[in-house]
Structure formats: C-alpha cells, structure tokens
Amino acid sequence: MTASPDPRLTVRRIRSDEWAAVRALRLESTSDPDAGMAFLETPEQVSERPDEFWRERAGQAATSETAAQFVAVVDDVWIGSLSVLIRATGQKDALGRYVDDRRADVVGVYVNPGHRGTGAVDALLAAAAAWAASLGLDRISLDVHRDNARAAGAYRRAGFAPTGETYSSAIGPQVVMTRPLP
C-alpha cells in the first residue's frame, strides 16, 4: 500500500535546459541495483554519451508531441522520472516489435529508493496518462520485468493490467501491461 502522498511532491514535464539533470537522474537510475533490471543501458553507457546527446534528448522530451519526460520533484530535488514515447502505426519500437496501432509507451520509470512508497510513481503515471490522453490516445502501455513484483504492483494500482503478451529481451522476461485512458 502506498503511504499518503508527500505534500511537497510535484510532477512536471522537463524543460529543454535541464539536460544535465536528465543525465544525472538517468545515471542514478541505471546505477540503482533494484532498478537496473528495468533499463536497457548501463551506467557506463550513460556516462559515455556526449553532452550534445543529452541536450537533444531533453529538447525532444520537453517540447515534442512524440516524446515527453516527466519528473517528480520534492524540495527542488528530482526524485523520480518517466518518459512517454508515442509510437506511430507501422513503426518498430526499441525492441524491434511492430506497432500495429498508434500507442503511448511508458519507459524509464524510476523513483529514488528513499521516496518509493510515497505516491511519486502514481503521480508520474497520472501525468503520463493525462499527456497521452491529451494527444487523443485511448490507452497507455508499458513493459515490466517479470521478476519486478514491486513495479508490477504499482502499475496495477495505477490501473494497468497485463495484456497476456510476454516476451524476452536483453534484460530478461517482460510482461506487457496497458491502461485505458478516459
């Protein structure tokens, strides 16, 4: 069960000029042993990317209608994040899966260990759902590692349900979950 949400918690979309903070949080998330199973890259790969990569990534996630990154903030400190990628019909996703219908995929979900259970992930997922709905999508999807029971429980609590689709990726067995949008 989630504790009462932290009253200091806010969630917002990142700004283009926050690329260094985007990189720092990505390094933190990929370095977390409990969260590592959720990321397709290593801390070393994150560290090796040039500043220009992070500038472009932040710019895209701040202003695009095909990608958005949201951060959970407490006392001006980023304590969590997720991204939403809009996949067009006919595209392939990062794992090479064919997109048969335009969809919104949540990726890169992370909450700092000291803030887990505080409602941060719920607030991030609500922001992701609201953004995807504002683009006219009727559902939002994500993949969760089969062995990540804590994350799967948080996603269920936020209205996601397994679709029955599973697959194996570079980071292990995955379960596809989806949530209808209003």
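Biologist: In this predicted model, with which residue does R55 form a salt bridge, and how far apart are the closest N and O atoms?

Modeller: As a general idea, side chains of opposite charge can pair when their charged atoms come close. Here R55 pairs with E52, and their closest N and O atoms are 3.9 Å apart, which falls inside the 4 Å cut-off for a salt bridge.

Biologist: Where do R55 and E52 lie, and is R55 buried or exposed, or something in between?

Modeller: Both residues belong to helix α3 (residues 51-63), where they are three residues apart, or about one turn of the helix. R55 has a relative accessibility of 37% and so counts as partly exposed, and E52, at 42%, is likewise partly exposed.

Biologist: Which residues do salt bridges with shared partners join into one network?

Modeller: That network is made of R12, R15, D17 and E18. Within it, the side chains of R12 and E18 meet at 2.6 Å, N to O, while R15 and D17 have their closest N and O atoms 3.7 Å apart. E18 counts as buried because its relative accessibility is 10%, under the 20% limit, whereas D17 is exposed at 57%; R12, at 26%, is partly exposed, as is R15 at 46%. The structure holds 16 salt bridges.

Biologist: How many residues does the largest nonpolar core have, and which of them have the most contacts inside it?

Modeller: In soluble globular proteins, nonpolar side chains tend to be buried together. In this model the largest such core has 36 residues, and those with the most contacts inside it are L82, V84, L125, I140 and Y155. At least two residues of this core come from each of β2 (67-74), β3 (77-87), β4 (103-111), α4, β5 (139-145), α5 (149-157) and β7 (172-180), and the largest share, nine residues, is supplied by α4. Leaving aside neighbours within four places in sequence, V84 is in contact with several residues, among them F70, A128, W131 and I140. A second, separate core has 15 residues, including W19, F39, A61 and V73.

Notes: Residues are numbered from 1 along each chain as its sequence is written. This is a predicted model: local features need pLDDT of at least 70, side-chain atom pairs count only at pLDDT 80 or more; totals for chains, interfaces and linings use all residues. Side-chain values use heavy atoms; hydrogens and water are left out. Buried means under 20% relative accessible area, exposed over 50%, partly exposed in between (1.4 Å probe, protein chains only). Helices (H or I, at least four residues) and strands (E, at least two) are DSSP runs, numbered from the N terminus. A nonpolar core is a set of buried Ala, Val, Leu, Ile, Met, Phe, Trp, Tyr and Cys residues joined through side-chain atoms within 4.5 Å. Contact means heavy atoms within 4.5 Å.
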